[in-house]
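Please examine the sequence and the model shown below.

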Amino acid sequence: MTAVTWWIAETTAVGDDEALARDHQIAVRRTPPSTGLYLARDQGRLGLHRADGPRTYPLICDLAAVAAERAPGARQSPLAKACGLTRPTAMHVCDATAGLGRDSVMLAWLGASVTPLERHPVIYLLLHDAWQRLHAGSSYPEWVDRLGAPQSVDAGQWLAGRPVAPIDTIYMDPMFAAARRKAQPQKALAWLGELAGPDMDADDLLAAARQTAAKRVVVKQHARGTPLAPPSHQVKAKAVRFDVYLIG
Ligand SMILES: C[S@@+](CC[C@H](N)C(=O)[O-])C[C@H]1O[C@@H](n2cnc3c(N)ncnc32)[C@H](O)[C@@H]1O
C-alpha cells in the first residue's frame, strides 16, 4: 500500500483534520513534503497531491460534478439495467467498494438509498470530505438525501456483522489486477490503483454478498474479464460489463 502523509499547516484550523488523521493513522506534517503522496486542503476541499514527478492536478472527489456529468442517459445506462433501476424504484443498495463514490452517486440519483463502504483510509477520507461538502448547503437535490454517509470499513467484515437494515442489492466494483481496458485507465482509477492495489479478495466478498443481499449482487468487471463466479446474466457495455447474481 502506498504511504500517504497529511500536510496540515500550523496556520490553518487544524483541529478536525488532526483528529481525522489520527483516527486513520495518517502521519501529519507541518511543511509540504518534497516526495510521495500527501493530503492537503485547498479552499476547504481535501485533495490528494503528488509532491514529486510530473506536475499533476490533485485528486479531489466532487460528487455533485459526477451527478451533473453522468445524469444524461443514466436511466437507460448499463448500471441502471444491471441494478434494476431503469424506473425509479425504492430499494436499499450497499455499494461495498465505494471508491470515489461515482457509482454510489448514480445509484442514489437513480432512486436507491445507498450505503457506501470504503476500506482504504485515504480514499475514504476523500469520499467523506466530498459527502460532507455535498450536505453543507442549505438546499440540495433529493438524491443527496438518499446517499448515506460513507463508512470506513471492510465490506466483508461489515456484512459478517449482519447489517440491521435489509439490503436489496449489493454492488461491487473491485479493482482487478488486469487493466480494465487497453487504453490508459481514467486518471481517478489510476490513483485508486496506486493507493489500494488490486482487490485480491473480491471472490470472498462476492460469496459474503450473495449470503446477505435479498435480491441481487452486481459486480462491475472489465469487458473481457473472467467472472468471479457464473452469473445469472450479464449487462454489457463498451469497456465494462456487469455480472448480475440474482438471489433466490
Ligand atoms: C475500482 S474502485 C471503485 C470505484 C467506485 N465504483 C467509484 O465509482 O468511484 C475499488 C474500491 O473498492 C475498495 N474496496 C475493495 N474491496 C473492498 C472491501 N472489501 N471493503 C471496502 N472497500 C473495498 C478499494 O479500496 C477501492 O477504493
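A polar contact is a pair of N or O atoms within 3.5 Å; within protein, one atom must be able to donate a hydrogen and the other to accept it, and residues adjacent in sequence count only if both atoms are side-chain atoms. The model is predicted: local features need pLDDT of at least 70, side-chain atom pairs count only at pLDDT 80 or more, and totals for chains, interfaces and linings use all residues. Residues are numbered from 1 along each chain as its sequence is written, and side-chain values use heavy atoms, with hydrogens and water left out.

A polar side-chain atom of Arg102 is found 3.1 Å from an oxygen atom of the ligand. The protein buries 98% of the 610 Å² that the ligand exposes when taken alone (accessible areas by the Shrake-Rupley method with a 1.4 Å probe; for residues, only the protein chains shown count as cover).

The shell around the ligand holds 23 residues, of which Leu100, Asp103, Glu118, Ala155 and Asp173 come nearest (a residue is near if one of its heavy atoms lies within 4 Å). By class, 11 of the shell residues are nonpolar, four are polar and eight are charged; Ala, Val, Leu, Ile, Met, Phe, Trp, Tyr, Cys and Pro count as nonpolar, Asp, Glu, Lys and Arg as charged, and the others, Gly among them, as polar. Helices H4 (102-110) and H8 (187-196) each supply at least two shell residues, and H8 gives the largest share, three. Helices (H or I, at least four residues) and strands (E, at least two) are DSSP runs, numbered from the N terminus.

What lines the largest cavity? On a 1 Å grid over the protein atoms alone, a cavity is a set of points where a 1.4 Å probe fits but cannot get out, and lining residues have an atom within 4 Å of a point. The lining includes Leu63, Gly101, Ser104, Trp131 and Pro150. H4 and helix H5 (121-136) are the elements that give two or more residues to this lining. Its classes are seven nonpolar, three polar and no charged residues.

Finally, Asp199 lies in the loop between H8 and helix H9 (202-212). The Asp199 side chain makes a polar contact with the side chain of Arg119 at 3.2 Å and reaches the backbone nitrogen of Met175 at 2.8 Å.

Terms used. On a 1 Å grid over the protein atoms alone, a cavity is a set of points where a 1.4 Å probe fits but cannot get out, and a pocket is an open set with protein on both sides within 12 Å along at least five of seven lines; lining residues have an atom within 4 Å of a point.
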